[in-house]
Structure formats: C-alpha cells, structure tokens
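Subject: Structure for you to look at

Hello,

Here is the structure I promised to hand over. Please open it and keep it on screen while you read.

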Amino acid sequence: MFKLRFDGTEETGGLRRFNEILTLDFFNLFRINLLTVLAMVPLVTIPPAVMAMEASVWEIIHSRKPLPYWRCFRTCWRRSYPVFLLAVLLPAMAVAAAVFYAQQSAALPLAVVLCAFSIFVLALSAFASAYLYPLAADRQRPFRQLVPAALALAFSRPLRGLTAFGVSAGLLVLFGLYLPLSLPYFLLGGLIFPRLLSQFLIRRIVPDRAEETF
C-alpha cells in the first residue's frame, strides 16, 4: 500500500536550480522535445511519446541521467495509454461535457446536475493529473498504486497541484491556439518547457524513490 511521506519543505535555491537546468541541460531538453515531436507524428504513439518525455524531465530535475529516449519509449508504452487517458483526456472531456451541459441547462433541468458532475470530475482530475505523470515516470512503481497516490497528493496539496496543472495546460493551450505561427516554439521546446515548469513546481511534493515506502 502506498504511504505518502514528505516533509513539506521546499528546496532552497529553487530559482537557481531551475536556471541551472535551463542552461546546463538546454541542448538535452531541446533534443528530448524534438524526439517527442517526431514520436507523436503517427498520433497513436502520442501517449508513449509524452510518457518518455515526462520520465526524462523527472530524471533531469532530480539531477539523474535519463534513459535514452527511445528505450524509455519502448519500456513505458504499456502504462502510457491509461495514464494519458486519466491525465489528459479525462480533464479535456470533462471541460467539453461541462460546456455542453451548461448550454443545455435552460431546456433540460437534469443538465444542471450533469454540468455540476462534469465540473467535479474536471476539478478532481486537474488536481490529480499534475501528480500522475511524475509518479508514473518511475517505471518501478506498480501501476495499481498510481491513482491512489495521485489522489493522496491532490488532497494534501491541492493548490500546488492545480497551479502545476494550470501552468502546463495553460501554456499548451495558449500556444496551440496560435498554430501554425507557434510551430517554431513547439519545435524548440514548446512541449517540454510547460512540463518542466509543472514538474519543477511539485518536485519536493511527489515522493521520489528514496522518499516513499510501499
């Protein structure tokens, strides 16, 4: 059973560490971003491409050398699809459902209840999804523990999780709206930079390998 354990303290020199990542690992981040873009081209490979990127970012943040991208792509593809469903598709579907039922609320009273339920699902998935990918990045962590662990972190630190989710999703949506003008941004780091910001915000909250017990 997953047991949450963290001291709640922030790492000193956080901004300094973030600047170090951007400077010392710039070319590595650029390479991972470009490989992710290439891996996403068939569309059906988007989940493992994103998972490989997430795992690489998590290793870089914790000053560890990440696995070669394509090796990580091959080893994490099984868990990447359910994680992508929960962390990406579920919030997106909840937004679409909330908007749809809100438009139908005047003519259909039941739509108000369905809209409220969609908003609840959106809030819960938004709080938890920021923690889900960093937890899933550790391939030694059993998949059955991912969702309970993400929910435990979401309820214990909801504001930080929501901030991390908002930063990542907001930047991706913002620059996605300006395609194709923003295409150079995506090629240079538009995929990995929002995830770097998101994971960096919760780096001291998500239990790392030495900070958790099972």
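Below are notes on its pockets, a surface patch and its salt bridges.

One caution before you start: this is a predicted model.

Start with the largest pocket. It holds about 730 Å³ of space. There are 28 residues in its lining, and those closest to the centre are Phe84, Val88, Ser168, Leu172 and Leu191. Several helices contribute. Those that give two or more residues are α3 (46-61), α5 (77-104), α6 (110-137), α8 (158-176), α9 (183-190) and α10 (192-201). Helix α8 has the largest share, with seven residues. By class, the lining has 22 nonpolar, four polar and two charged residues.

Now find the second largest pocket. Its volume is about 170 Å³. Its lining includes Leu86, Leu90, Val121, Ser125 and Val147. Helices α5, α6 and α7 (146-156) each supply at least two residues here. Which helix gives the most to this lining? It is α6, with six residues. Nine of the lining residues are nonpolar and two are polar, with no charged ones.

**Surface patch**

Leu85, Leu86, Val88, Leu89, Met93 and Val147 make a nonpolar surface patch of about 440 Å². Helix α5 provides five of the patch residues, the largest share. Met93 sits in α5. Its relative accessibility is 47%, so Met93 counts as partly exposed.

**Salt bridges**

The structure has three salt bridges.

- Arg17 pairs with Glu20, with the closest N and O atoms 3.5 Å apart. The two are three residues apart in helix α1 (residues 14-24), so about one helical turn separates them. Glu20 is partly exposed at 33% relative accessible area, whereas Arg17 is buried at 15%.
- Arg195 pairs with Glu54, and here the closest N and O atoms are 2.3 Å apart. Arg195 is in helix α10 and Glu54 in helix α3, so this pair ties together parts 141 residues apart in sequence. Both partners are buried: Arg195 has 10% relative accessibility, and Glu54 has a relative accessible area of 1%.
- Glu59 and Arg64 meet through their side chains, at 3.0 Å from N to O. Glu59 is buried, at 10%, but Arg64 is partly exposed, at 23%.

Best wishes

Note on methods: Residues are numbered from 1 along each chain as its sequence is written. This is a predicted model: local features need pLDDT of at least 70, side-chain atom pairs count only at pLDDT 80 or more; totals for chains, interfaces and linings use all residues. Side-chain values use heavy atoms; hydrogens and water are left out. On a 1 Å grid over the protein atoms alone, a cavity is a set of points where a 1.4 Å probe fits but cannot get out, and a pocket is an open set with protein on both sides within 12 Å along at least five of seven lines; lining residues have an atom within 4 Å of a point. Grid points are joined across faces, edges and corners, and a volume is the space filled by probe spheres set on the points. Helices (H or I, at least four residues) and strands (E, at least two) are DSSP runs, numbered from the N terminus. Ala, Val, Leu, Ile, Met, Phe, Trp, Tyr, Cys and Pro count as nonpolar, Asp, Glu, Lys and Arg as charged, and the others, Gly among them, as polar. Patches are made of residues with over 30% relative accessible area and no salt bridge: like charges are joined within 9 Å, nonpolar side chains (Val, Leu, Ile, Met, Phe, Trp, Tyr) within 5 Å. Accessible areas come from the Shrake-Rupley method with a 1.4 Å probe; for residues, only the protein chains shown count as cover. A salt bridge is a side-chain nitrogen of Lys or Arg within 4 Å of a carboxyl oxygen of Asp or Glu. Buried means under 20% relative accessible area, exposed over 50%, partly exposed in between (1.4 Å probe, protein chains only).
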